Amino acid sequence: MSATPERRTRLTPGDIRARKGGAPIACLTAYTTPMARLMDRACDLVLVGDSLGMVLHGLPSTLGVTMEMMILHGRAVARGIERACLVVDMPFGSYEESPEQAMRNAARLVAETGCQAVKLEGGQHMAGTVRFLVERGIPVMGHVGLTPQSVNALGGYKVQGRGEDGARVAADAQALSEAGAFAVVLEKLPESLGARITEGIAAPTIGIGAGAGCDGQVLVVDDILGLFADFQPKFVRRYADLGRAAEAAIASYAEDVRARRFPAPEHGFADQGKPA
């Protein structure tokens with residue numbers, strides 16, 4: 001009789017919260033099953049970010065992303081996850097109106113994707129909604145600093161929290177932590193502010209352009225793989241250059257087709273009963 005395959009323990013939002021001040025938390029975005037499978041062993045958190053609107057669908061911002069899009073990609077990523085904690089973004093317009101609206105849509109995301117938590121943007125003004133969801137069994141990851149869904153109000157993708165504005169961002173993070181968020185994303189902040197917020201709140205912080213002092217880090221996987229060959233945010237380290245490699249491979253394929261070098265005999269099928 002074959003041995004029962006070893007089943008890896010799935011990380012939970014509670015496990016992530018317990019990592020505060022411990023081993024740094026590794027997080028990446030995923031939008032597809034194959035990519036989720038590649039990162040499941042290495043990452044603690046996998047985020048289905050609404051950045052998929054720009055990365056996969058060619059939208060100019062995250063504002064056009066719908067619940068249906070998040071559910072579609074959330075389901076795909078869930079099929080590739082066995083170990084990592086899975087979080088799905090709540091898209092713009094799905095939670096801002098009221099805690100009740102947020103609950104309906106968060107419950108739908110959890111039920112239809114199998115994710116373990118949702119992420120929403122906003123600081124002190126969203127603390128009541130975070131508390132409402134958490135008290136009703138929906139773990140929430142917060143997101144302060146540069147919040148892409150508020151890009152029009154913020155005047156672009158600019159660094160937040162400089163000077164006196166740092167107190168506001170710190171208060172935002174504190175409010176979400178006190179409301180029960182199991183983690184808080186800090187995006188595009190001065191490094192010193194990211195470190196101060198991390199030291200001052202109970203929830204672990206996940207930085208994206210907020211310095212090494214955070215409890216963890218998150219990046220868009222397409223950025224670290226170099227799939228956007230001509231675009232690299234300052235806070236991204238590129239670990240591969242797959243975009244240019246893919247471009248070269250596609251060009252080689254097209255050249256082979258036009259020169260009739262592909263398909264070659266080894267890529268074809270013989271008639272039945274005849275040797276290949």
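Predicted model: local features only at pLDDT ≥ 70, side-chain atom pairs only at ≥ 80, totals over all residues.
An unreviewed UniProt entry lists Asp-50, Ser-51, Asp-89 and Lys-119 under the feature "binding site". These residues span 70 residues in sequence, yet no two of their C-alpha atoms are more than 12.5 Å apart, so they gather at one spot. Asp-50, Ser-51, Asp-89 and Lys-119 also belong to the lining of the largest pocket.

**Ser-51**
- You will find Ser-51 in the loop that links strand E2 (45-48) to helix H3 (52-55).
- Ser-51 counts as buried because its relative accessibility is 16%, below the 20% cut-off.
- Beyond its neighbours within four places in sequence, Ser-51 has contacts with Thr-29, Tyr-31, Thr-62 and Val-220.

**Asp-89**
- Strand E3 (residues 85-89) is where Asp-89 sits.
- With a relative accessible area of 3%, Asp-89 is buried.
- Setting aside residues up to four places away in sequence, Asp-89 touches Leu-47, Val-48, Gly-49, Asp-50, Met-70, Leu-109 and Lys-119.
- Two of those partners, Asp-50 and Lys-119, carry the "binding site" annotation from UniProt as well.

**Nonpolar surface patch**
- On the surface, Tyr-253, Val-257 and Phe-262 make up a nonpolar patch, and together they have about 270 Å² of accessible area.
- Val-257, one of the patch residues, belongs to helix H11 (residues 242-258).
- Val-257 is classed as partly exposed because its relative accessibility is 36%.

Definitions and conventions:
Residues numbered from 1 in each chain as written. Heavy atoms only, no water. Patch = residues over 30% accessible without salt bridge, like charges linked within 9 Å, V, L, I, M, F, W, Y side chains within 5 Å. Areas by Shrake-Rupley, 256 points an atom, 1.4 Å probe, with all protein chains shown as cover. Salt bridge = Lys/Arg side-chain N within 4 Å of Asp/Glu carboxyl O. Helix = DSSP H or I, 4+ residues; strand = E, 2+ residues; numbered from the N terminus. Buried < 20%, exposed > 50% of the residue type's maximum accessible area, 1.4 Å probe, protein only. UniProt positions renumbered as here; feature names shortened; annotations may be inferred. 1 Å grid on protein atoms, 1.4 Å probe; cavity = no way out; pocket = protein on both sides within 12 Å on 5 of 7 lines; lining within 4 Å. Contact = heavy atoms within 4.5 Å.
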